[in-house]
Amino acid sequence: MSVSSELLITLPAGVPLHARPAGSFVKAALGFKSRITVSHGEKEADAKSILAVLALGADSGSEIRVRAEGEDAAAAVEAMRSWSDSLQ
Amino acid sequence: MLPEVVGIVLVSHSVELARGLAQLAGQVAGGEARVVPAGGLGDLLGTSSEVVEAAIAEADQGDGVVILADLGSSILTIRGILDHQPNGHIRLADAPLVEGAVAAAVTAAAGLTLEEVVVAAEETRGVSKF
């Protein structure tokens, strides 16, 4: 069964989606079979590709939207929520 | 104790280039990553089979090693080593060095397989920077 699930994350002050946070974001996404995308403004990236995520240029304080599609989409979004909680 | 991951070896003619890139890729990928620089020929620009072989041994935890290289003769140095390692456990990725190293390190640190790490590195050829 294919489901989709979505999550909005506001990046905390001082935590852009660069370098180490981008790495931990992608590592979290790589644990799932679902197709996971992350968008920032007009740009959308494959959440499992570190270079695509870095190219989003999502700065601290900005909002990103994570969308998962696939059998483990709900769990994937939960994992991305945990990732976001870990940034606080 | 850290989990076993695919090791990454970065071969460059320059000690500083290999070392700096290992630092960058290691920082993006986090603590699980095992990224080992293999740059230089003694104090000179160049590549050394001994240095690369030692880096492979250091990076190898049993799940395989992916090597990325800068240019020209570094590829020849690596090929010379891989000719004696026919089991496919050590792989040379055909990828841009900086992008490939970061992608390989993150993918390896996430616990993915040798083949998946090679693909992630090689896929960076077509990715735009912005």
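Reader: Leaving aside its neighbours within four places in sequence, which residues is A105(B) in contact with?

Author: Bear in mind that this is a predicted model. Contact here requires C-beta atoms within 7 Å. With its neighbours within four places in sequence left aside, the contacts of A105(B) are I8(B), A25(B), G26(B), V28(B), A29(B), A33(B) and V35(B).

Reader: Which element gives the most to the largest nonpolar core?

Author: The largest nonpolar core has 73 residues, and A105(B) is among those with the most contacts inside it, along with V53(A), V9(B) and A104(B). Nine residues of this core come from the element that gives the most, α4(B).

Reader: Which element gives the largest share of the side of chain B that touches chain A?

Author: On that side, 17 residues of chain B are in contact with 14 residues of chain A. The elements giving two or more residues to the chain B side are α1 (15–29) and α4 (97–109) of chain B. The largest share, six residues, comes from α4(B).

Reader: Why do the buried residues of α2(B) line one face of the helix?

Author: The buried residues of helix α2 (residues 49–59) of chain B are V51(B), V52(B), A55(B), I56(B) and A59(B). Seen down the helix axis, they line one face because they fall within an arc of 135 degrees.

Reader: Which residues are exposed on the other side of α2(B)?

Author: The buried residues of α2(B) pack against β1, β2, β3, α3 and β4 of chain B. On the other side of the helix, the exposed residues are E50(B) and A57(B).

Key. Residues are numbered from 1 along each chain as its sequence is written. Chains are lettered from A and ligands numbered from 1 in the order in which they are written. This is a predicted model: local features need pLDDT of at least 70, side-chain atom pairs count only at pLDDT 80 or more; totals for chains, interfaces and linings use all residues. A residue is buried if 20 or more other C-beta atoms lie within 10 Å of its own, exposed if 12 or fewer, and partly exposed in between; C-beta atoms are placed from the backbone. Helices (H or I, at least four residues) and strands (E, at least two) are DSSP runs, numbered from the N terminus. The arc is that of the directions from the helix axis to the C-beta atoms. Two residues are in contact if their C-beta atoms, placed from the backbone, lie within 7 Å. A nonpolar core is a set of buried Ala, Val, Leu, Ile, Met, Phe, Trp, Tyr and Cys residues joined through C-beta atoms within 7 Å.
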